[in-house]
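Hi everyone, thanks for making time today.

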Amino acid sequence: MSANIETHSVDTDSVDTHSAPQSAPVPAPSPPTSASLPMTKALNAGLRQAMTDDPSVLLMGEDIGPLGGVFRVTEGLHAEFGDKRVLDTPLAESAIVGTAIGLAMRGYRPVCEIQFDGFVFPGFDQITTQLARMRTRHEGGIAMPVVIRIPYGGHIGSIEHHQESPEAYFAHTPGLRVVSPSNSHDAYWMLREAIASDDPVIFFEPKSRYWPKGEVLFGESGTGLHASKVVRIGTDVTVVGHGAMVSVLLQAAEIAAEEGISMEVVDLRSLSPVDYGPILASAGKTGRVIVAQEASGFVSLGSEIAATVAERAYYSLEAPVLRVSGFDTPFPPAAVETHFLPSPDRILEAVDRALAY
Amino acid sequence: MTPNSAVTPDTAVTANTVQFLAADGSFAPNDAAAQFAPYLERLGEDDYRRFYRDMVVVRRFDTEAANLQRQGQLALWVPSHGQEAAQVGSAYATRPQDHIFPSYREHVVGMIRGVDMVDILRVLRGVTQGGWTPAEHGNFHLYSFVLASQTLHSTGYAMGMQFDGTTATGNPETDEAVIVYYGDGASSQGDANEALVFAASYQTPQVFFLQNNHWAISVPVSRQSRSPLYLRAGGYGMPGTQIDGNDVLASYAVTAKSMDDARAGRGPSLIEALTYRVGAHTTADDPTKYRDADDLAYWVARDPIVRLRTNLEGRGASQEFFDGIDEEAADFAADVRRRALDIRSPDRSVIFDNVYAEPHPLIDEQRAWLDRYEASFEGGEA
């Protein structure tokens, strides 16, 4: 299916008017309206389209050139757009972010790739003290259209620093926008919307969802960058999650349905700001809310959402808002990660507790 | 007496240090200065006098700002006393199209590039975190209080010049370059290292202007580096030059060459300007607690303003000229003082105004809440 995407990408170049100037222009082949793609290919297509549409978009990161990134998300883009649009940088995350800030001041729209979740921290200072505040510091005089892509999360059996979920650090930082798609369609569109944003966007890519294919509709996104979305309708209990957790919640909902329990699943999509509309509407309907995440629970997205739902849906709730999280430990050795990461069964255990009230 | 002295064989002026004006004010270029001498031919008598005028004015301004801080008008002041020659010489070596990324002590560079000094005071008074619009003030970018953070921004900006094709075209009237200021303390930061790596890798049109003022608050430069800082440039594969930073001519000539090279596509370079922070790090600091009086006296005897004045006297500048500059400096300071006292606090809406470029529900909600809260008090603001 990747061939479809390649056809899609060259649509404007394929019109050769030079060889036959007298004849009517040959119409460009219509881009496909949809394709079934793994998330890596959907992201690749999103980057290619953004770079084609806007020459100020450029990519920066480690090994993103001829290699195409360690997850191949940028595969082929270096060959297509060249050295000045796809920058294989020296190995220094603070510099990747810091020079991206300078490039954004100059009018570029850099998209930085951080190789793995656990490697973002050398760039953390530039992200939090500089990128997030540049617009405020300049009293609105400049925009900071920088996207930082971070593959994150567990389930891939890898070594330390390669399986983490650091999103709360960024969601806690004013001036940043933080999002995470859970599927290929959202990955394509949310990345394009993030690149189009004049604010810095931290773009968390759930790496355990990189490879399953999903239908991408190229005609329209269907939702905005910061909209949360009900992805399964139910009546008994609301479960909220983002990124790879969404597929875990959907699996849990399948199992629960066999037991006669109807779970409504909300895909958070945006971690900052959080779109509470669908969450509160669902809470009003079910009276029971569970927030699930791979990240450690203490001072997390789940804590924040649980507190807000408790404040705003107080009279609708039949049970306290429950959280299902990774434990408050460093991410463990991969051999025991299945005990650390919330599984469908861990979700269902919380569902049982919520329903017992 | 404290054990800390910043004067060591490694950090004082040596034969390798570019110097045109000796400490006694005589024009006595050393061997290291020879290759930079042609750049002084760009200067006329008016330029020398302008250098002197700016150095005197900013020192007077500095005193006024410190006074304003003592009187409660500023939260903090960051004196530049002692570093005027390094800053004035390098600033005049830039062209209008160049971009300047300061640290936070380069007041006179801002003045030369067109920043209203009261705007700098507004930052230190705590009514703004920016103060001016770089694009409208000589491309003098905002102060950066996280040490060395600006080195990376400047390198990224210089990469953008390359991608835009606005540098290295062969036209010195339009070719652009970047100069970034940082210090001996900041040179220890990872960001300074990463900026130098990226600059060398992409061959950015950029000059790293390191003011070695010998003290990072209370820690001497000998703690930051065992070897002279300009030698680090070689490790990155770029030229490094040490100058007598209290010699305005050395600062001008070496920066002029380095910026010319940068604009012409010959890549980045590093200048280490040996100078001295005569004053405190900030008004919150007491240098007598950590540094030796002899150390200070050594550098005060090498004062950049006295040195240029002696030189100008030898070139025939009259007492009237110097008196006129003193009067101008006093007027400048009085004007700054008058306008500083008129600085008004911003409306509370600045808390929310520019956090995001695009609508953000949490910000909008909290802004509305604060408005309602304030309005809930009798006579509260709507």
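Let's begin with B:I243, which sits opposite B:A273 of strand β7 in chain B. Those strands, β6(B) at residues 240-244 and β7(B) at 269-274, pair in the parallel sense over 5 bridges. When I say two strands pair, I mean that DSSP finds at least two bridges between them. The names come from DSSP runs, numbered from the N terminus: helices are H or I with at least four residues, strands are E with at least two. Is β6(B) enclosed or open? It is largely enclosed by the rest of the structure, because 4 of its 5 residues are buried. Buried here is a count: 20 or more other C-beta atoms within 10 Å of the residue's own, while 12 or fewer is exposed and in between is partly exposed, with C-beta atoms placed from the backbone.

Before I go on, a word on where this comes from: it is a predicted model, where local features need pLDDT of at least 70 and side-chain atom pairs count only at pLDDT 80 or more, while totals for chains, interfaces and linings use all residues. Residues are numbered from 1 along each chain as its sequence is written, and chains are lettered from A and ligands numbered from 1 in the order in which they are written.

Now for helix packing, still in chain B. Two packed helices are described by the angle between their axes and the distance between the axes. Take α5(B), residues 117-125, and α13(B), residues 319-340: the angle is about 45 degrees and the axes are 10 Å apart. That makes α5(B) oblique to α13(B). For the wording, under 35 degrees is roughly parallel, over 145 roughly antiparallel, 65 to 115 roughly perpendicular, and the rest oblique. The axes are lines fitted to C-alpha atoms, for helices over the stretch in contact, and angles run from 0 to 180 degrees between N-to-C directions. On the α5(B) side the contact uses B:M117, B:V118 and B:L121, and on the α13(B) side B:V336, B:R339 and B:A340. A contact means C-beta atoms, placed from the backbone, within 7 Å. Those residues divide into 5 nonpolar, no polar and 1 charged.

Another pair in chain B is α2(B), residues 45-70, with α12(B), residues 304-314: their axes come within 10 Å and cross at roughly 145 degrees. Among the α2(B) residues in that contact are B:Y48, B:F51 and B:M55, and α12(B) brings residues including B:I305 and B:L308. The contact divides into 9 nonpolar, no polar and 3 charged residues.

Over to chain A, and its sheets. One is an open sheet of 7 strands, in the order β3-β2-β4-β5-β7-β6-β12, with mixed pairing. β3(A), 86-88, and β12(A), 270-272, are at the edges with a single partner strand each, so one side of each has no neighbour in the sheet.

Two backbone details to look for. A cis peptide bond joins A:S272 and A:P273, with omega about -5 degrees, and A:P273 lies in the loop between β12 and α10 of chain A. A:H155 has a positive phi, near 75 degrees, though it isn't glycine.

Technical notes
Two residues are in contact if their C-beta atoms, placed from the backbone, lie within 7 Å. Ala, Val, Leu, Ile, Met, Phe, Trp, Tyr, Cys and Pro count as nonpolar, Asp, Glu, Lys and Arg as charged, and the others, Gly among them, as polar.
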